[in-house]
Amino acid sequence: MNGFSNDDFDFSFLEEGFCARDIVEQKINEVSLSDDKDAFYVADLGDIVKKHLRWFKALPRVAPFYAVKCNDSKAVVKTLSILGAGFDCASKTEIQLVQSIGVSPERIIYANPCKQVSQIKYAASCGVEKMTFDSEVELMKVARNHPNAKLVLRIATDDSKAVCRLSVKFGATLKTSRVLLERAKELNVDIIGVSFHVGSGCTDPQTYVQAVSDARCVFDMGAELGFNMYLLDIGGGFPGSEDVKLKFEEITSVINPALDKYFPTDSAVKIIAEPGRYYVASAFTLAVNIIAKKVMVNEQSGSDDEEDAANDKTLMYYVNDGVYGSFNCILFDHAHVKPVLTKKPKPDEKFYSSSIWGPTCDGLDRIVERFELPELQVGDWMLYENMGAYTVAASSTFNGFQRPTLHYVMSRPHWQLMQDIKEHGILPEVPEVSALHVSCARESGMELTPTVCTAASINV
């Protein structure tokens, strides 16, 4: 793995019959005799390609504009750029990142209703015109500093059933929306559409239906005032893994009829969305190493038998990544993570109530409060799956602990499919996602070898 440059796309090709999990085990084996067992990620970029196909199968009318804030790894952004996705940027830095890999301004929406004046001017200087607003103050800021802006009015939604609520901070009511449209007309500002966000981790798909209906009302208001509105942004809230109550297709099966009802195909309205975790959550697996351990014997058990006392114990494990690093998702994204062991427990092995802690000196740095685990030792590994969303993007080096290394992989079939999509777009005859499944060597009993993956640095 050689990192990235602006010109090269560096990752490792998976050899036939191997998957990302095999690479995790290979990396662990490589350091088995070393004391340097640092935490690391393996990210399967092919998983992002599969998600892209799944998106267009489920939401054929909706163009994805990836929410960069979710995971701003350059490999992720570049993969999605090759696939033809648009980008939802919230700051000058995110715009610079996306444009540094050659994304045109037309494929960017500056979807932050509260922007610093200097950053509005920056967007104007680099040709980014689509941007959101939800207040008169923001409207006037944009009118003064970006005369060519094409504004999208963000409306509030009922996000009371979302894990991370956003309408407490952003969004105009329907009553306020009319006032803002009238003010925009006075300022001669171009309003091209409406956006909303039902909240991250949406648990009720009917929220989308009401939001689409409200957007239709605002479109009608705009038409009364003479605006030619042609863009609907349905935001995010789409799950990125299968360990959720509400599956992706359950949400889209409700969205599609609502779009057809309120914005039929002959309405000439372009529909976009801002998926973040949907694209990246399941692509990333994090491996952490146990660096310390504490055995806590229950002194209140009342037993004089040493064996009984040994069985009545709890274990505390300390690993080399925590809530100030990748597991910031626990604090900021309300994530609930579960460890996966690399060694299969024996059938008769005893399990103990265990807690898992990060490496920093802060008592807040707890990853898992209580989990039943067999007794593990210092030097053993734990894996955490579905770690691509709101993890690496917000991690810090608090207490001097470095961020985990990122290793990117992709199968050759997914690489070829990505190139086909780049050249021809998504065609009806594109293979089903299941047809591109790459079986794991660990599942089939194949022996891991040093040639599980081949480094690649490919100019795109």
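**Figure 1. Histidine 146, a buried loop residue.** In this predicted model, histidine 146 has a relative accessible area of 4% and is therefore buried (under 20% relative accessible area; over 50% is exposed and anything in between partly exposed, using a 1.4 Å probe and protein chains only). You'll find histidine 146 in the loop between α6 (136–145) and β7 (150–154). Helices here are DSSP runs of H or I with at least four residues, strands are runs of E with at least two, and both are numbered from the N terminus. Leaving aside residues up to four places away in sequence, histidine 146 touches Ile120, Ala123, Ala124, Val128, Glu129 and Met131, where a contact means heavy atoms within 4.5 Å.

A quick note on the model: it is predicted, so local features need pLDDT of at least 70 and side-chain atom pairs count only at pLDDT 80 or more, while totals for chains, interfaces and linings use all residues. Residues are numbered from 1 along each chain as its sequence is written, and side-chain values use heavy atoms, with hydrogens and water left out.

**Figure 2. Helix α5 crossing α6.** The axes of helix α5 (residues 117–125) and α6 come within 10 Å and cross at roughly 45°. Axes are lines fitted to C-alpha atoms, for helices over the stretch in contact, and angles run from 0 to 180 degrees between N-to-C directions. That angle makes α5 oblique to α6; under 35 degrees would count as roughly parallel, over 145 as roughly antiparallel, 65 to 115 as roughly perpendicular, and the rest is oblique. On the α5 side, the contact uses Val117, Ile120, Lys121 and Ala124, and α6 brings Glu138, Lys141, Val142 and Asn145. Sorted by class, the contact of α5 with α6 has four nonpolar, one polar and three charged residues. Here Ala, Val, Leu, Ile, Met, Phe, Trp, Tyr, Cys and Pro are nonpolar, Asp, Glu, Lys and Arg are charged, and the others, Gly among them, are polar.

Figure 3. Helix α2 (residues 45–58) and helix α3 (residues 74–82) have axes that come within 10 Å and cross at roughly 40°. α2 passes α3 in a right-handed crossing. Leu45, Ile48 and Val49 from α2 meet Ala75, Val76, Thr79 and Leu80 from α3. By class, that contact of α2 with α3 has six nonpolar residues, one polar and no charged ones. Leucine 53 also sits in α2, and at 8% relative accessibility it counts as buried. The C-alpha atom of leucine 53 is 9.6 Å from that of isoleucine 421, though the two residues are 368 apart along the chain.

**Figure 4. Helices α7 and α8 side by side.** Helix α7 (residues 174–187) packs against helix α8 (residues 206–224) at an angle of about 25°, with the axes 10 Å apart. So α7 is roughly parallel to α8, and their crossing is right-handed. From α7, Leu174, Ser177, Arg178 and Leu181 meet Asp214, Val218, Met221, Gly222 and Glu224 of α8. The contact of α7 with α8 divides into four nonpolar, two polar and three charged residues.

**Figure 5. Strand β16 and its two partners.** Five of the seven residues of strand β16 (residues 351–357) are buried, leaving the strand mostly covered. Strand β14 (residues 313–319) runs parallel to β16 and is joined to it by four bridges; strands pair if DSSP finds at least two bridges between them. Methionine 316 has serine 355 in β16 as its bridge partner. Strand β17 (residues 366–374) runs antiparallel to β16, with six bridges joining them. There, isoleucine 356 stands opposite valine 368 of β17.

**Figure 6. Two loop residues with positive phi.** Most residues other than glycine have a negative phi. Histidine 334 isn't a glycine, yet its phi is positive at about 55°. Histidine 334 lies in the loop between α12 (328–332) and β15 (340–341) and is partly exposed, with a relative accessible area of 44%. Tyrosine 390 also has a positive phi, near 55°; look for tyrosine 390 in the loop between β18 (381–384) and β19 (405–411).

Methods
Left-handed = near helix turned anticlockwise from the far one by under 90°.
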